[in-house]
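Keep the viewer open as you read.

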Amino acid sequence: MFGPHVMEEEVLQNLEPKTDVVSQQHALAYLEQLKNSETGWQFCMSTLTRGMTQDNQLRFFCFQVVEHYIRNHYNNENLADQQRVREFLSRWIQLQCTQLGRQEAIFLRNKAAQVFALVFVRDYPLHWTDFFGDLIKTLSFGPQAVDIYVRVLKAIDSEVADQDITHTHQEIERNAAIKNAMRGSCVEKLVESWYHILKTYETSNPELVNQCLEIIGAYVSWIDIGLVANARFIELLLSLLCVVESRESAADCLHDIISKGMEPLDKLQLIETLVPVLQSSGILKPLEDDETDFSCKLSHLVNGIGLNLIDAHNKLSKSGSVEQVALLQNAVERKVPIMIQFLSNDYDDVSAEVLEFAKEYIHMLKAKVMQTEEQLGYAHTLLLTIVYKMKYDESYRFEQEGEDEATFQEFRKQLKVLFDNLAGVNKELVIEYVTKFTTNTLCEWRTTSFEDVEIAIYLLYLMGEAIPASGGNHFTGDHTKVSAMQTMMHTLVTCDVSYHPHPAVTLQYVETVVRYEKFFNTEPEHIPYVLTSFLDQRGVRNSSPLVRSRCSYLFSRFVKCLRTLIQPYIKEVLGPLQFLLILNPPENGSRLISEDDQLYLYEAAAVMIVSGAFDAQQKGMLMSNMLIPVMEKFKTLVTQLLVETDERKQQLFAQTLCHAMAVTSRASKAFTNHQTMKSCCCVPVFVEATKVFLNCLQIPTQSQVLQSGVRQFLHRMVVCLEEELLPYVPRASEGLLKGNDIRSIQEYVPLIVQIIAKFKKEVIPFLQQVFMPIVNAIFSAQSLPIEENDEQGKREKQLLQRNYFQFIAAVVTNNVSEVLNAQDSRFLEQVMMSIIRGAVDFPDPVAQKTCFSILRKLVDLWGGKEQPDDFTQFIYKNIVPACFMAPLKSTFDLSDAQTLLALAESAMCLKAILQRRGDEFVSYLHTEYLPTLQISPQLIDEYCQALKAENKVFKNYVKIFFQQART
């Protein structure tokens with residue numbers, strides 16, 4: 001059935017990319033048929049050993065067929081078939097090593113190695129006792145055999161020992177048995193073979209040497225360390241460290257050797273034997289600039305040495321003697337100068353490799369009550385090194401940051417952690433160094449490199465986190481620190497470093513003055529200087545877009561933090577700010593300040609107006625002066641948009657209109673509970689803005705964009721305005737809902753919910769008119785069909801459903817239930833049944849919880865015995881069943897936290913019925929409803945008893961009840 005002609009001619013031809021899809025599918029189906037055939041694996045083994053096909057793709061598939069057979073049938077087959085597989089593996093290796101054979105591509109050799117490993121874990125040690133002996137014998141065939149040998153060992157490591165690969169419990173037990181068998185029979189032979197490979201190919205075939213070193217590093221974690229950590233192996237590894245092609249692999253191998261798990265004192269002996277040899281050979285030091293990769297490996301090795309010693313020290317600290325702990329402490333200390341040497345390397349990649357050693361050593365120092373002079377010396381050297389490594393270099397692209405810049409920023413964050421921890425070791429050391437370095441550098445900034453100036457300010461900035469202060473005030477408390485901070489901040493704001501031309505220095509300057517805004521409580525005379533630096537060419541008028549953007553945000557923060565202290569300077573600041581508040585026309589592509597940054601400036605200006613020492617009339621006038629130009633611009637843009645036909649320009653006009661509304665919204669954030677819009681006489685200008693902005697809802701183009709802008713504006717006005725907003729709610733609602741599409745309705749509902757929550761009774765007349773149209777619009781939108789694969793449409797429907805329930809919840813929970821009473825009874829029943837369906841059928845626990853909350857509130861409102869009988873019937877016919885039917889559904893996941901909240905709400909709904917209907921309800925449950933659920937009388941009694949218990953007890957009980965009821 002399966003012949004070479006078919007394999008080579010049809011299958012191979014049909015798998016070519018240019019072949020039509022049908023032919024490719026036919027070929028793939030044939031290959032799958034081969035995989036599942038009883039004899040397909042035998043045919044594939046013959047194909048691989050007899051050279052029937054030279055195509056790599058087909059040979060790979062043949063290996064896959066053999067792999068499939070081994071994984072699924074090998075253990076179940078007879079001994080003859082198993083022997084046939086072993087003979088195939090042996091024959092395949094021989095072919096790879098003879099001139100007649102063609103050496104497989106690397107990916108095929110790796111696949112073959114995987115097949116070897118799969119056979120190994122099934123046969124060793126019971127059925128193929130001398131697996132490794134047979135494999136080692138092939139080494140005499142030459143380098144091709146060695147290549148296969150090490151690949152097989154690597155594949156076996158993946159199957160048996162690799163901790164990064166997840167194994168089943170059965171596989172873990174199997175692997176433990178295999179390793180024990182290997183330790184007892186063949187590990188010494190393996191180690192001898194590794195030594196032989198390294199010696200034989202030391203100079204002639206570095207690729208094989210590197211592969212072998214990788215195997216040693218992998219296996220050393222579970223074999224006897226003495227087999228490798230001995231004089232002859234270490235001597236050989238040292239010699240390989242001097243071979244350019246193999247030295248990186250040799251360094252990794254040494255790292256794996258010292259990282260082997262062992263007792264602390266054994267680890268100490270191993271490292272203390274190894275390190276002096278490495279040092280005497282001149283190995284443990286960074287190399288020349290063109291040898292960075294090897295330096296990284298050496299740095300990684302030093303990091304491993306340090307971390308393993310510190311780990312051993314920490315273990316002995318809990319159980320060892322004082323003398324043993326001291327031995328390890330001294331061993332760590334002796335490695336610190338080596339670590340610092342690598343940490344201070346000019347190449348960040350080299351430095352980064354020893355960061356963990358540095359961090360753990362500093363943690364060791366932090367744990368000590370007193371540090372020795374030597375340890376303080378190391379701490380000081382580490383501090384100098386960290387500061388040096390934190391500096392930018394000239395190649396850093398500040399305006400076009402890419403991958404290299406992102407890598408450096410991440411490296412800088414790691415160095416910051418070391419800096420913070422050093423401050424925890426000895427804060428006086430850090431304070432003294434930073435104060436001296438920062439003040440000296442700032443005083444000489446004009447003749448100092450930008451890298452030094454930037455790092456000087458950055459160190460001052462870091463002091464706020466490295467040495468925290470109570471309440472964030474670094475200018476009260478500890479005299480030493482306060483004095484240092486005041487000295488540095490005074491120097492920063494008086495030395496004119498804000499005029500430095502480099503953007504990195506400018507950015508660090510503004511970040512620092514804002515972080516330490518409390519400094520200006522002690523020296524407020526510097527405030528005018530800093531305010532000016534924000535607003536002139538040093539800040540928001542800087543040539544760098546990055547500086548302008550960041551300064552806009554930080555200026556807003558600075559103003560909000562010091563709103564009281566800046567009062568004397570507000571008029572002087574508002575003047576220069578006016579130019580930056582002008583709305584740029586959409587056709588003007590070049591902006592000094594972006595739209596997002598302009599929002600911060602509007603907020604800052606508004607804060608200064610509201611908190612300034614002006615009377616209410618002046619505040620109203622100043623706010624009008626700022627916002628009336630915005631409204632005028634808005635009107636002009638509306639006129640232009642109405643006649644514009646180019647769609648791209650329409651979009652630009654609409655975006656600018658939205659920006660006009662956004663800056664007005666942002667200005668409203670200046671008001672507080674103490675300084676309200678009304679007390680500042682600013683209501684008229686914001687009401688006028690509301691009237692003006694609502695006009696854009698009549699524009700037929702770009703309606704979704706404009707509606708979004710109006711909605712966001714109205715959300716702010718609901719917060720800031722009072723009854724003055726109410727006359728505009730109907731008009732706004734009409735404009736926002738005119739599209740009647742799902743998204744418009746969905747996004748409108750949160751606004752009307754906010755209005756209901758704010759105005760309550762005052763909004764009832766309006767709600768009575770719009771309740772039915774809104775609900776009908778939602779029902780209509782929900783009934784629109786969507787395609788099966790339209791995931792976005794499904795999400796929008798789900799959000800609309802949630803918002804609908806939130807709308808009904810807002811009506812029943814904000815004391816405006818008169819709105820429901822005013823509705824037609826048939827329509828109201830339709831609404832109430834939709835809530836029942838939401839509680840039971842809508843597979844969304846958040847919405848279900850809302851629905852049960854609505855039903856509970858309705859019970860509180862209308863469920864009393866003095867209320868009409870029709871709602872009582874609704875309770876027993878619909879609400880009570882809903883509280884049981886929902887939790888009994890298989891989709892109601894009782895292990896999900898959100899679902900449990902919905903369950904608790906349903907329980908509280910039943911408690912509300914109990915409170916309103918009393919024993920009548922208990923009797924109904926006991927004699928009429930619960931028996932219909934096919935549950936035992938005992939469970940019914942238990943449930944009714946729990947219903948009368950405290951709320952917390954009942955909520956805990958219902959989960960158990962439904963778990964039992966569903967089984």
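**A walk through the helices**

Leaving aside neighbours within four places in sequence, Thr-438 is in contact with Ala-456, Leu-459, Leu-460 and Met-488, where contact means heavy atoms within 4.5 Å. Before going on, the ground rules: this is a predicted model, so to speak, in which local features need pLDDT of at least 70 and side-chain atom pairs count only at pLDDT 80 or more, while totals for chains, interfaces and linings use all residues. Residues are numbered from 1 along each chain as its sequence is written, and side-chain values use heavy atoms, with hydrogens and water left out.

Back to Thr-438: it sits in helix 21 (residues 427-443); helices here are DSSP runs (H or I, at least four residues), numbered from the N terminus. Is Thr-438 buried or exposed? With a relative accessible area of 0%, Thr-438 is buried, the cut-offs being under 20% for buried, over 50% for exposed and partly exposed in between (1.4 Å probe, protein chains only).

Next, hop over to Gln-371, in the loop between helix 18 (355-366) and helix 19 (373-390). Gln-371 counts as buried too, at 17% relative accessible area. Its side chain reaches the backbone oxygen of Leu-365 at 3.0 Å, and a polar atom of that Gln-371 side chain lies 3.3 Å from the backbone oxygen of Lys-368. Not counting residues up to four places away in sequence, Gln-371 also touches Leu-365, Leu-376, Val-425 and Asn-426.

Now for helix packing. The axes of helix 23 (residues 479-494) and helix 24 (residues 503-515) come within 11 Å and cross at roughly 130°; axes are lines fitted to C-alpha atoms over the stretch in contact, with angles from 0 to 180 degrees between N-to-C directions. That makes helix 23 oblique to helix 24, since angles under 35 degrees count as roughly parallel, over 145 as roughly antiparallel, 65 to 115 as roughly perpendicular and the rest as oblique. Where the two meet, Met-489, Leu-492 and Val-493 of helix 23 face Tyr-509, Thr-512 and Val-513 of helix 24.

Helix 26 (residues 527-535) joins in as well. Ile-527, Val-530, Leu-531, Ser-533, Phe-534 and Leu-535 are buried there, and the buried residues of helix 26 pack against helix 23, helix 24, helix 25 (519-522), helix 27 (545-561) and helix 28 (570-577).

Note on methods: A polar contact is a pair of N or O atoms within 3.5 Å; within protein, one must be able to donate a hydrogen and the other to accept it, and residues adjacent in sequence count only if both atoms are side-chain atoms.
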